[in-house]
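Hi,

Here is the structure I promised to pass on.

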Amino acid sequence: MTGQNNDSPAAAPGSNTLRHFGQTSMDREIAEISEAMKDLSSDEAMMREAVGKGSELELRVAEALKTQKVPLPKAAPAGRGRRRSRAAVTGAAAAQTELKDPQGRSLMTTNDSKDKTASAHGKAAADITAVPAAGRSAGGSDAAGTDSSAAACAATGASADESSAAAGSSTGRARRGTTSGSQTAAGKGRGRRKKDADAGAVEAARALGMDEEDEDSFTLTPQSARPAQTGKTRKKGARASGRISVTTTVEEDFDESEWTVVQVAINRALYQTYDYRMYGRYGNEIIGCRVHVSFGYAKGNKEVGVITATGAMSGMPVRSLKECSLIDAKPVIVPDVMQTLLYAAAYYHYPVGQTVPVGLPAILRDGGHASYREIPGLALTVPEDELEDALKKLRSVGQKELLMALRNGPRKNTDLREQGWTSAQGKALIKKGMARAIDFAHDLQPYDLEAEAAADNIIADKPFILNDEQQAVLEAINSQQGYGVFLLNGVTGSGKTEVYLQAIEHTLRQGKRALVMVPEIALTPQTFKRFYQRFKVPVATIHSGLSDRERLDAFLDMYTSRAAILIGTRSALFTPVNNLGLIVIDEEHDSSFKQGDGLRYHARTLAVYRARLNNCVLLLGSATPSLESVHYCQLGFFRRLDLVRRAQKARLPRMHLIDLRADELNENVLAGVGEVVEKAVGIATAQHQQALLFLNRRGFSSALICPHCGYVVMCPKCDVALTVHKEKHQMCCHVCNSFFQLVKHCPYCRAKTGHLYPLIEIGVGTEQVAGYLSERFMDVGIERIDRDVITSKEGLDQSLQRILQHESEIIVGTQMLAKGHDFPDVTVVGILDVDGGLFCDDFRGYEYTAQLVTQVAGRAGRADKEGDVYIQTRHPDHLLLQSLVDPSFNYLRLACELLTIRKDKMLPPYTFQAIVMVNSTDRDLAFYTLRDIMTTFENRTDGVLNEVRPSIIFSDRTEKRFNRFHFHCNIIAHSRSALDRVLDEITTVYSGMKNLKDLRFAIDVDPVSSV
């Protein structure tokens, strides 16, 4: 049959299908169908009933035939589970299908026309063929046909029924057919159908993704109610009559111009996006919007995806794609963030489906509304002229400070909490009538930054006067037009933060916004207060201490331009910032800017890319820049700015190297405190000054060991010794964070010999040091700061307040104290154990040790008092330590020396590194899977390994973690393109592997530590 629409589905045997007629062949088709109707039943009562029920349908079909188009006939659906008589079933079937041409000639067909109706409609489809994804063939045996069809559907986002095609098509195009089949019982006056044909129809319906409502019928779940949606298959029949009809529906004309094909990223570990169709014509304005999509084969399975591009990628016909529906009227991922995310997926070889959701708060990832719910805050109710009297009525210092903070305008409760105020203080002011609770979601309008900048209403407190070095650095930053990256290399206490603040002020006065990223441990109330006290503009914060709702509120504050400054950790990089003018990364060398799992991105790398997209300035600051940043300065990619003197006449501390080999093994040495350090602490506290002791190991002792048999108490889930926490009477694994009851005697000796040998403690932690000092200096307050004691930012703020108020004069802590803190009265700093960083197996060990010592030493002598730093070691002749205590020490000079060593050894940043990692609960599965992946390249002759040096397969330093076994392979390449080429091949090989059970696979590009 010839017709204008060549995409109409082929009819199945015994089907009840209305064809699309062409203008030149209409009369012949009518004659053929009328001839096929001669064998129909002559039950007049049934026909009259059918004609009455089908009158509306006749009018619609006749009208459509005038325009040579036949729309989908609609009939009232039969109720599910309702049993009807045979006459009612047959009448309903006739009513559905009785059609007439404009001259009144019957075009009616029934389900009983059997092969004659099929012959009038053309050759029937015999099987279902899968439509392959773009660039791939759909080959395979018949036995694999179902799997091939499913794979093709998953690769294109098309459902099984929509990506099936009739095998008899000569053009090879995918023709959509919705066929349902069932067995028909033998009845009077009815022909029997072949059982094998019925079984094939049932299997075909299942393969098409139909839902089995009972053992005899299938229903195709409609995907949308759009006007251009294809026809639905309806259940026809009644179990009471012993007969179930076979129905094939008619597809309307499909106008591709009314649909838009979009590429959607689904939150799955898959390296490609999926094509979906969306009703309406859209352009790139919907990129970044969320959509609801159906993914997979489960009934009613709705996923939240994100549109990454428009236009087809799979090569599938538009009609064969699944439909998606928009969630957002505007993109929630703005263009520059979307480009950054896609760049990150390619650069770090991470599945794009799991990369794009990183740019969304958890509530939006789950499909929640991008809107405020409630943002509680406080507003001042005391008039300005009565403020002094109100302050006199308050006895609490905290309430007085809070009242003064509200003087500059309403504040959100989260902002007040960031600065150290508690909800109890706010409730007290409300109870006294000095403040009132407000909802910022309704009471605060979008912030007009340009208007406030024009009115000179940006600064709250007057900035400090800069010295000559600071002023020169600030002028260089502010004079930059467009994109540029600056590395601010300033010694500790040189006033880098003040440079940041005044650079931000310059940006705000231009009507642009600023993004400030700091390490998690440096996000202290001190940091927040400096920004809130300096600027009048709204400030948003994003970090791990916020709830999901608070993170969404901060996200919306920046998205809707209600805030002008965003302060956060590495994840803040993916927050939308309108008219971004400046990005600041403080302590850019810190390893916390590198994500340790999932998308293993480095915030510094992506910040460079986003700054280029926004044509803005990126300012990297550190007293100990990373070797990568120093290298980029040498290459001319970054511009280095130096601050070599401390601000406000402060001087760098004196450095002392203490040889612990000269001390006897007394109680103090066993507790980690040498005689020289103990004496220095005593002198400082006697003068009401403060001392800081640094030990990067928490707990009381590192392990428990049996002196008789050498047994070490290990974590059953990990290959690490359990750390003793005496205050809690527990042992803790610092890898999986499992706790166990403290053991006093060796369980191994007790089981073997019955003797109770006591276990002894080895190693020293902060708990043991603080305990010894509390006995030695009983009249002095001691503050311990580590993750065992500090469990919230409120707790950290309380500890810092006690230090600043001299309630605690001895400070013992881990790297939480290493950076970001300003203790003006600390004059003595003791580094209790530096040897661990000198003999580690990581080639970055010297760099990290030098950075840590320099940062900790910078806490001493920051005001007008001189400071002393004592470094305890049993290797005082080590060249690195000798360099660090040299009075003429310069970190940049040391960095250049370390870069020379790396260049000789061809190590990063002169080469490019990646680590391929796998882990599983099955040790053999993990090892042999990684081996199979890497051996794929051994016999390759296409040059894929040119300029690439893969290592052998290693177990991780801690092979067993969380009851999973970890293995890795290091890859070093001489060029970025060579590394990308190999990693692309590795991801391709891994994606094709099957039966991997619980195996996990990851790639770490540009790692910052060894595993």
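Predicted model: local features only at pLDDT ≥ 70, side-chain atom pairs only at ≥ 80, totals over all residues.

His 688 sits in the loop between helix 23 and strand 25; helices here are DSSP runs of H or I with at least four residues, strands are runs of E with at least two, and both are numbered from the N terminus. His 688 has a positive phi of about 60°, although it is not a glycine. With a relative accessibility of 57%, this histidine counts as exposed (exposed is over 50% relative accessible area, buried is under 20%, partly exposed is in between, using a 1.4 Å probe and protein chains only).

Residues are numbered from 1 along each chain as its sequence is written, and side-chain values use heavy atoms, with hydrogens and water left out.

Asp 456 is another non-glycine residue with a positive phi, here about 55°. You will find Asp 456 in the loop between helix 15 (449–454) and helix 16 (468–478), and it is exposed at a relative accessible area of 51%.

Now the overall picture. The protein chain has 31 helices and 38 strands, and buried residues account for 53% of its 1011 residues. Taking contacts between residues at least 6 apart in sequence, 74% join residues at least 24 apart (a contact means heavy atoms within 4.5 Å). The accessible surface is about 46,200 Å², with 50% of that belonging to carbon and sulfur atoms; the areas come from the Shrake-Rupley method with a 1.4 Å probe, and for residues only the protein chains shown count as cover.

On to the helices. The axes of helix 21 (residues 627–635) and helix 29 (residues 891–905) come within 10 Å and cross at roughly 90°, so the two are roughly perpendicular. Axes are lines fitted to C-alpha atoms, for helices over the stretch in contact, and angles run from 0 to 180 degrees between N-to-C directions. Angles of 65 to 115 degrees count as roughly perpendicular, under 35 as roughly parallel, over 145 as roughly antiparallel and the rest as oblique. Helix 21 contributes residues including Leu 627, Val 630 and His 631 to the contact, and helix 29 brings Leu 892, Cys 896 and Leu 899, among others.

Helix 25 (residues 766–776) has these buried residues: Thr 766, Glu 767, Gln 768, Val 769, Ala 770, Tyr 772 and Leu 773. Their packing partners include helix 22 (667–670), helix 23 (675–686) and strand 25 (690–694).

An open sheet of four strands runs in the order 36-37-35-38 with antiparallel pairing (two strands pair if DSSP finds at least two bridges between them). At its edges are strand 36 (948–961) and strand 38 (1000–1005), each pairing on one side only. Neighbouring strands in this sheet are turned by 20° against each other on average, direction ignored. Strand 36 and strand 37 (residues 964–973) run antiparallel and are joined by eight bridges, with Arg 949 partnered by Ile 972 in strand 37. Their hairpin has two residues between the strands, and Phe 962 there takes a positive phi near 55°. Helix 30 (residues 923–935) lies across strand 35 (912–920), strand 36, strand 37 and strand 38, at about 20° to strand 37.

There is also an open sheet of five strands in the order 10-9-12-11-13, again with antiparallel pairing. Strand 10 (274–279) and strand 13 (325–326) are its edge strands. Two bridges join strand 11 (residues 290–294) to strand 13, and His 292 stands opposite Ser 325.

Finally, some prolines. The peptide bond from Pro 908 to Pro 909 is cis, with omega near 10°, and Pro 909 lies in the loop between helix 29 and strand 35. Pro 824, in the loop between strand 32 and strand 33 (826–831), is partly exposed at 34% relative accessibility and touches Leu 804 and Ala 863, leaving aside residues up to four places away in sequence. Pro 824 and Arg 862 are 38 residues apart in sequence but 5.5 Å apart in space, C-alpha to C-alpha.

Cheers
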